Amino acid sequence: MNSKDFMARLAQTSGHTPAEVEEMVLRLLEAMSRQWVEGNEVSIRGFGSFWVRKRMERIEVNPVSGQRMLVPPELVLVFSPDAQLEEKSEPV
């Protein structure tokens, strides 16, 4: 499901117009992004938690050439699903 389909389905089930839904989702994502920039965790009960983790600098080796490369540190977004969400997504 792409974002356009997601917004359409959310608009259909919520009773809001697609434009209203798009505005609400964008505001939610902006608010979440601000929290991550500040180093805060964002938890959504029944869904999961998001936080930023710093990956340390590391050396990787190109398997073809054998050349060693230094990979700089980077910030990555991490998601941990809530136990309720994991139960719902169990394969049948």
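This is a predicted model: local features need pLDDT of at least 70, side-chain atom pairs count only at pLDDT 80 or more; totals for chains, interfaces and linings use all residues.
Which side chain does a polar contact of 3.2 Å join to that of S49? The partner is E41.

Residues are numbered from 1 along each chain as its sequence is written, and side-chain values use heavy atoms, with hydrogens and water left out.

**View 1. The open sheet has three strands in the order β1-β2-β5.** Pairing is antiparallel. Strands (E, at least two residues) and helices (H or I, at least four) are DSSP runs, numbered from the N terminus. Two strands pair if DSSP finds at least two bridges between them. β1 (42-44) and β5 (74-81) are the edge strands, each pairing on one side only. From one strand to the next, the twist averages 25°. Axes here are lines fitted to C-alpha atoms, for helices over the stretch in contact, and angles run from 0 to 180 degrees between N-to-C directions. β2 (residues 48-55) and β5 are joined by eight bridges and run antiparallel.

**View 2. S49 sits in strand β2.** Its relative accessible area is 16%, so S49 is buried. The classes are buried under 20% relative accessible area, exposed over 50%, and partly exposed in between (1.4 Å probe, protein chains only). The S49 side chain makes polar contacts with the side chains of E41, at 3.2 Å, and S43, at 3.0 Å. A polar contact is a pair of N or O atoms within 3.5 Å; within protein, one must be able to donate a hydrogen and the other to accept it, and residues adjacent in sequence count only if both atoms are side-chain atoms. Leaving aside residues up to four places away in sequence, S49 touches E41, V42, S43, V78, F79 and S80. Contact means heavy atoms within 4.5 Å.

**View 3. Strands β3 (residues 58-61) and β4 (residues 68-71) form a hairpin.** The two strands run antiparallel, and four bridges join them. E60 has M69 as its bridge partner in β4. Six residues lie between the strands, and in this hairpin G66 takes a positive phi near 80°.

**View 4. E23 and R27 form a salt bridge.** The closest N and O atoms are 2.7 Å apart. A salt bridge is a side-chain nitrogen of Lys or Arg within 4 Å of a carboxyl oxygen of Asp or Glu. Both residues belong to helix α2 (residues 18-37); they are four residues apart, so about one helical turn separates them. E23 is partly exposed at 38% relative accessibility, whereas R27 is exposed at 55%. The whole structure holds four salt bridges.

**View 5. E74 forms salt bridges with R55 and R58.** For R55 and E74, the closest N and O atoms are 3.3 Å apart. R55 lies in β2 and E74 in β5, so this pair ties together parts 19 residues apart in sequence. R55 is partly exposed at 41%, and E74 is partly exposed at 32%. For R58 and E74, the closest N and O atoms are 4.0 Å apart. That pair links distant parts of the chain, with R58 in β3 and E74 in β5, 16 residues apart. R58 is partly exposed, at 28% relative accessibility. Through salt bridges that share partners, R55, R58, E60 and E74 join into one network.
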